[in-house]
Amino acid sequence: MGLSAAQLADFDRDGFLVLEGFASPEACDALIARAAALVETFDPDSVRSVFSTTDQTRTTDDYFLSSGDKIRFFFEAEAHDEDGNMRGDKALSINKIGHALHDLDPVFDDFSRDPRLAAIAAGLGIARPLLLQSMYIFKQPRIGGEVVCHQDATFLWTEPQSVVGLWFALQDATLENGCLQALPGGHRLGLKKRFRRFPEGGVNFDVFDPTPFPDTGIVPLEVPRGTLIVLHGALPHLSGPNRSDRSRHAYALHLIDGACHYPADDWLQRDPAMPARGF
Ligand code: FE2
């Protein structure tokens, strides 16, 4: 059920692995329907928090910073006009839902605690896997925001590094609608920065290496729905904006190794009464 020796070798070489056909069309549809039902419960006038990676220290607010153990809704940066009115339907304005769907929602819990994922985690050498973060990403038609090149360990830091990303295409992902793109082998370049809470309040980056990511060698990962892409925590990856009229829904789950230290100044913190759990 886990990964073959050839797949593990590919992962070591490239820093990612593409597993087509992991989730059935029915399983994809179940998550899509569940996310739509959750959005239905969200009052768009209750809070207006935007998710944008182009100016992350400015757009990261308390609503975001306290979302690690909740189900919260973040808008696309282009969802509102200059007067603050939603340009389109609520269901077509949300950038993502995060970050504890896998613990708080039974449908996402079931999908996330699939024994096949536990086997993959074991194969990757994660001694005590913890499901730390989940995100439902809409990449909405026309206004779907880009995600600039980054490494997941920048945001989910452990000592030593242990984060692994599990990214599920719930709809076909193409360059046109903003598929993942990655730099094969880039996980060996080292981590460029760390995003963390600062004692004086707010969040910012510790920069270890100010040089930009290489702008050549990045490849698009165009995949059909149902594909699971496994991402090494240090792999540089990104996704472009979606200017097409087709959405690109995806579900992302991040695992860490509970055997590693999880610092108190990581942005994602959970209520001690609700610690991260494994499979
Ligand atoms: Fe990422």
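Biologist: What share of the 279 residues in the protein chain is buried?
Modeller: Buried residues make up 53% of them. Buried means under 20% relative accessible area, exposed means over 50%, and partly exposed lies in between, with a 1.4 Å probe and protein chains only. This is a predicted model, where local features need pLDDT of at least 70, side-chain atom pairs count only at pLDDT 80 or more, and totals for chains, interfaces and linings use all residues. Residues are numbered from 1 along each chain as its sequence is written, and side-chain values use heavy atoms, with hydrogens and water left out.

Biologist: How many helices and strands are there?
Modeller: The protein chain has eight helices and 13 strands. Both are DSSP runs numbered from the N terminus: helices are H or I with at least four residues, strands are E with at least two.

Biologist: And why call the chain as compact as a globular protein of that length?
Modeller: Its radius of gyration is 18 Å, close to the 19 Å that the globule rule gives for 279 residues, so the chain is as compact as a globular protein of that length. The radius is taken over C-alpha atoms, and the rule is 2.2 Å times the number of residues to the power 0.38. The C-alpha trace spans about 55 × 45 × 45 Å along its principal axes.

Biologist: What about contacts between residues at least 6 apart in sequence?
Modeller: Of those, 83% join residues at least 24 apart. A contact means heavy atoms within 4.5 Å.

Biologist: Charges next. How many positive and negative side chains?
Modeller: There are 26 positive and 39 negative side chains, and the centres of the two sets lie 2 Å apart. Lys and Arg count as positive, Asp and Glu as negative, while His and the chain ends are not counted. The place of a charge is NZ of Lys, CZ of Arg, CG of Asp or CD of Glu.

Biologist: How many salt bridges does the structure hold?
Modeller: It holds 16, each a side-chain nitrogen of Lys or Arg within 4 Å of a carboxyl oxygen of Asp or Glu.

Biologist: Which residue pairs with Arg243?
Modeller: Glu78, at 2.9 Å from N to O. Arg243 lies in the loop between strands S12 (237–239) and S13 (250–257) and Glu78 in the loop between strands S2 (71–75) and S3 (94–99), so the pair ties together parts that are 165 residues apart in sequence. Arg243 is exposed at 52% relative accessible area, whereas Glu78 is partly exposed at 33%.

Biologist: Arg113 and Asp103: buried or exposed?
Modeller: Both are buried. Their salt bridge has its closest N and O atoms 2.8 Å apart. Salt bridges that share partners join Asp103, Asp109, Arg113, Arg270 and Arg277 into one network.

Biologist: Where is Asp152, and what does it touch?
Modeller: Asp152 is in helix H8 (residues 152–155). Not counting residues up to four places away in sequence, Asp152 touches Val163, Gly165, Leu231, Gly233, His237 and His254.

Biologist: Switching to Ser52. Where is that one?
Modeller: Ser52 sits in the loop between helix H2 (25–41) and helix H3 (56–59). Ser52 is buried, with a relative accessible area of 12%. Ser52 and Phe75 are 23 residues apart in sequence and 8.8 Å apart in space, C-alpha to C-alpha.
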